[in-house]
Amino acid sequence: MLRLLDRFRRRRTALTRPLPPAALAERYEGFKELLDSNSELLALLTEVDAMLAGEAVFGMAWVRSRASRIAFHGTRVVHGLNRLSGGRYAALAGVMADLKDRIRTVAEARRAEACPQLVLPYCAVTREMVDWVGAKNAHLGELGRLPGLRVPPGFAVTTAGYERFLAQGGLEAVIRRAAVDLDPDDPASARRMSETVQHAFLRAALPPDLERAIQDACAALPGDGPLALRSSAIGEDGELSYAGQYLTALNVPRADAAQAYRRVLASLFTPRAITYRLHQGISAADLAMSVGVLGMVDARASGVAYSRHPTDPACDAVLVNAVWGLGVLAVDGAAAPDEYLAARGAGHALLAVRPGAKPVLLAPGPRGRLDELPVAPELAHAPCLDESRVCEVAAAAMALEAHFGAPQDMEWALDRAGQLFILQSRPLRAVHARAPQTPPPGAEVLLAGGAPACPGLGSGPVCHVASADDAAALPRGAVLVTRHSSPKYVAALPRAAAVVAEAGSVTGHMAALAREFCVPAVFGLPGALAALAPGRTVTVDGAGGRVYAGAVDSPAPPGRPARRGMAGTPVHAALARLAALAVPLRLTDPAAPDFGPEGCRTVHDVTRYAHERCYEEMFRLGELTLEHTGAARRLEAPLPLDLYVIDLGAGLRDVAPGQASVRPEQVASTPLAALLEGMTHPLLAGREPRPVNLGGFFAVLSRQMLEPPAEPGGRFGGRSYALVSDAYLNFSSRVGYHYSVLDAWCGPRVDENYVTFGFKGGAADDLRRQRRTRAIALILERLGFRVERTGDRVQARLRKYDSQAVRHALEQLGRLLVYTRQMDMLMVDEAMVERTARAFLEGRYGLDGPPGP
């Protein structure tokens, strides 16, 4: 570091004048551009790596979208570095351009591999056909070959049919034109696009060969009964659920199958489906719809089964919901289904039964109608299933989990003859929930006893919602309160603080969407509309099933589900080729001779090199612009790292020109001051958690001696930087094998305030590093952060809190950074995860000492 500073100081003597303010602003914008895309890129690389190692269904649309985003953000990182440096890294731009071309080749490799058939019977459908038939149809094709499971007879209309329909009707141009004005912050733009595209779809004629293929396939199905047409869009029921976003057409006469098929295709462009894709980052270029055509099951009872509880990981049971008749009322949240818990183990013994109120049922009617019929009074509150049927459904759910290698969300129906049919199976979107806790002291409980649909804590003003238009207009940060949960309210989820429904099921579509968007949700709270007046501030406890008066401070954020992948298929091989160009990291030592553009073989190498050089460029920028921003200065404070501060404007006070170091009292940056307050907390001085035994210590030491660090910057330490303004902080720290990045804004406007925090690495073996990661994630969750964890990487965020809450979060993060420095050597068993987290939250930073303040 001293040599680096000396070199920069010598260069400065040759300067004739500092950079003008306009040039400084341009270079600072390049730095922000680099940091933003670097964060996005690291998250993408982690996602690809995790998907590569797993077992879930995904297609080339997923691979293409990640390839496009990786190429974009890699190019943007290099562009930002060149803006920051004044164009000193042209060679790196050339390396990235070559990688971008190679990534494009991988992404486009299978575009020409269109399905050779317009329809495929389920007996011919395999998992590898996911790009031709979608995940839903691919799963049903798999299920039809599993012993002991029954699916309705049927076939898939492949994506070739969709592409043929678009080409004949000139619909691709219609979609492109309609998407020009699409704005994620303007719900009306989604409605306008929907009206234009759906009108064009419903007017366009089906190609004659496609209509004939559908009619012939319908004629080949056994019997002459009605059909069910189910969407199976590319991407649906894979990484994202699209729960309830597309049309399912039930009780369709066979003569009307072709026209119903066209309506299912048009459902790609309902306002809520457009909004869902917009907020999930799905490009219209990657849309394609396959449709499943199945024999209609005239159900005596039907419902949903989760092979694991979606919000209670401690519950070792299969969750089964059931209603009389067709299951639409259950999944759409319009009825209160029966709830059964069955053991996951052999025999699947019935553990609990909670009958629901089912005054009506949905049944097939004449001429393709669906009729809502009254349920006999003696059956309205009676269980739909006896113990043997519950066990049968639970056994099917467990068989699907075993086959697909992940917990499953299964739709089922029991026909009039007592036969169990599987209608759908997809990966279960569970969340890591904390155990329900008692209400915080002094909290006024307004409603209690609801069903936790998505854990977490959300506060805001109440807004009653009764329609999709109401949902689209929901104010940001409001608590959505409605009579029935419904997937048509998806447009509100990106802005909602929480969701409360008088009726609904944790196995319904809305619950799945709430878990996807990580929005705390409680269903089954009768009287909520009357009890929660519009505009009143309330807090929703998604784990406890309660609603409190006012804003209640209690940590209860949800976690996102782990993503899984699809090994052994051509699509997986394509992902592996993409990963080879993007994920590996060769450049681990900045002092190595090949640490330069010529040593970059992957996008990770490029961004690693750019990230390292950008801080040197910020030092250079400080030297060039001393009169405008001040140089990088070492912070003189009792910290376990060397911290250099770069002032971007009003971040330091009372600093003399040329001053090489600053003291904590000269820090004017609100977020950095809060972070330092935590890092220098008196109870942390000289106190690190003691190793539990020598085994953990020697495991760490042996790894340090035998392996290179996972993050560069020195074996036992490195430079750390804080870029600050009065309200902004970007803190980057590499200490030994540990790497953390913190980005925060702390100002007077609540909507602008945020904290994002990333942590990765460790010096111990994989198991100990992952235990420490779980402990850190647990601490962050209990501090109110929303957390994603993958392997030894933690990403956490906290948004839209007032400045006092943000300062408190930053102060706690400061304590956490010091507390966790040597934690990996402690992680000798699973019990240490909870023990170390609890000790931190209680202020016992030595694990055994008395609690601190």
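## Arg344 and Glu401

Arg344 is buried in this predicted model. Its relative accessible area is 13%. Arg344 forms a salt bridge with Glu401, and the closest N and O atoms are 2.9 Å apart. The pair links distant parts of the chain, 57 residues apart. Arg344 sits in the loop between strand E8 (338-343) and strand E9 (350-354). Glu401 belongs to helix H14 (residues 387-404). Glu401 is buried too, because its relative accessible area of 14% falls under the 20% cut-off.

## Arg815 and Glu811

Side chains of opposite charge can pair when their charged atoms come close. In helix H24 (residues 803-819), Arg815 and Glu811 are 4 residues apart, so about one helical turn separates them. The two form a salt bridge, with the closest N and O atoms 2.6 Å apart. Arg815 is buried at 8% relative accessible area. Glu811 also counts as buried, at 7%.

Asp594 forms a salt bridge with Arg586. Their closest N and O atoms lie 3.5 Å apart. Asp594 is partly exposed, with a relative accessible area of 32%. Arg586 is partly exposed as well, at 42%.

Pro590 lies in the loop between helix H18 (570-582) and helix H19 (603-624). Pro590 is partly exposed, with 23% relative accessible area. The C-alpha atoms of Pro590 and Tyr609 are separated by 8.2 Å. Along the chain, Pro590 and Tyr609 are 19 residues apart.

## Salt-bridge count

The model holds 28 salt bridges.

Technical notes
Residues are numbered from 1 along each chain as its sequence is written. This is a predicted model: local features need pLDDT of at least 70, side-chain atom pairs count only at pLDDT 80 or more; totals for chains, interfaces and linings use all residues. Side-chain values use heavy atoms; hydrogens and water are left out. Helices (H or I, at least four residues) and strands (E, at least two) are DSSP runs, numbered from the N terminus. Buried means under 20% relative accessible area, exposed over 50%, partly exposed in between (1.4 Å probe, protein chains only). A salt bridge is a side-chain nitrogen of Lys or Arg within 4 Å of a carboxyl oxygen of Asp or Glu.
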